[in-house]
Amino acid sequence: MLDRPRGQPDLSACGMVTAKAWVLKKHFEGFPKTSDFDLKKIELLKLKDGEVLLESVFLSVDPYMRPYSQRDMKEGDIMIGTQVARIIESKNPAFVVGAFVVANSGWRTHFVSNGKDLHSLPSSWPESLPKSLALGTVGMPGLTAYFGLLEVCKMKPGETVLVNAAAGAVGSVVGQLAKIGGCKVVGSAGSDEKVAYLKKIGFDEAFNYKTVTSLKEALHKASPDGYDCFFDNVGGEFASVAIHQMKKYGRIAVCGAISQYNDSVPQKGPYVQFPMILKELQMEGFIVHRWNNRREEGQKALLKWVLEGKIKYHEQITEGFENMPAAFIGMLKGENLGKAIIKV
């Protein structure tokens, strides 16, 4: 058994543990506000056989939480989400105290699990690599990029790939995977700092969609021949313009629609049928869980490329569990470069 970290209470001796959790006080209307959240304390019961007690070390905030909260949550529910957590007490022989796992237990500092929903970090994970990457580049966002490009876009060497929200957790991995796959990569982001970052990590072309005079011209200039693959994280107006820049038989992977998540009234856009018919395009929406049975394969590949320096990462780390709502709102506003993470 590993030694307890200094300053950590001996929980088996003191019995009850009080967890803090952020709940959805009020369903979001338009942009989320800090007043839509409430911080609650929860007394955790003593462990039963087969259970483990975990302490969140890093928590994730992601765009999907905005639409999913509307669809899947009731007011008063604990906010949905994943964390890297440390096991601090175990009555389950499969999990040793001190081990780190990825859990899907929402915005809380401590929780109890029977172990069925816990994913151990890959055994090849080196001590020197931040464990928070299991929530980003080597976690769900990285796997989204991996399977979206390989299985939905089906990119081939020599093709041109377009990705928007390219400096975000998913987009930055998409661009780098496309480069590993021998493609030309064009990325769009919302600040000059982000554009500079994209150039630094190997994007062939990158532009700030907020400052270009014409999105159509910017896309054409970046790739006059058009695009074979478009990995769409944004939807809305960007997608409506980009679809006309696709090459014949182009593929569009619809991963997200962050430009529309905070609309109280749905946007009415141009219709997609004409460009899809004339260019014989394929457009497919996807959710990464479709490839849950291949999670290990994807994680292994991503981890290997990170360790070889072929995939670079950037994390926007917010310190303090109490700042989670602010970090979530900031991420939706595009204030993060790379993956937004909360360090407890």
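Trainee: Where does Ala165 lie in this predicted model, and what makes its phi stand out?

Mentor: Ala165 sits in the loop between strand 8 (160-163) and helix 4, and although Ala165 is not a glycine, its phi is positive, at about 50 degrees.

Trainee: Why is Ala165 called partly exposed?

Mentor: The relative accessibility of Ala165 is 31%, and since buried means under 20% and exposed means over 50%, with partly exposed in between, Ala165 counts as partly exposed.

Trainee: Which loop holds Glu280, and why does Glu280 count as partly exposed?

Mentor: Glu280 lies in the loop between helix 8 and strand 13 (282-285), where it has a positive phi of about 50 degrees without being a glycine; its relative accessible area is 42%, which falls between the limits of 20% and 50%, so Glu280 is partly exposed.

Trainee: Why are helix 3 and helix 4 called oblique to each other?

Mentor: The axes of helix 3 (residues 140-153) and helix 4 (residues 171-180) come within 8 Å and cross at roughly 45 degrees. Angles under 35 degrees count as roughly parallel and those from 65 to 115 as roughly perpendicular, so helix 3 and helix 4 are oblique to each other, and their crossing is right-handed.

Methods:
Residues numbered from 1 in each chain as written. Predicted model: local features only at pLDDT ≥ 70, side-chain atom pairs only at ≥ 80, totals over all residues. Heavy atoms only, no water. Axes fitted to C-alpha atoms, helices over the stretch in contact; angles between N-to-C directions. Helix = DSSP H or I, 4+ residues; strand = E, 2+ residues; numbered from the N terminus. Parallel < 35°, antiparallel > 145°, perpendicular 65-115°, else oblique. Left-handed = near helix turned anticlockwise from the far one by under 90°. Buried < 20%, exposed > 50% of the residue type's maximum accessible area, 1.4 Å probe, protein only.
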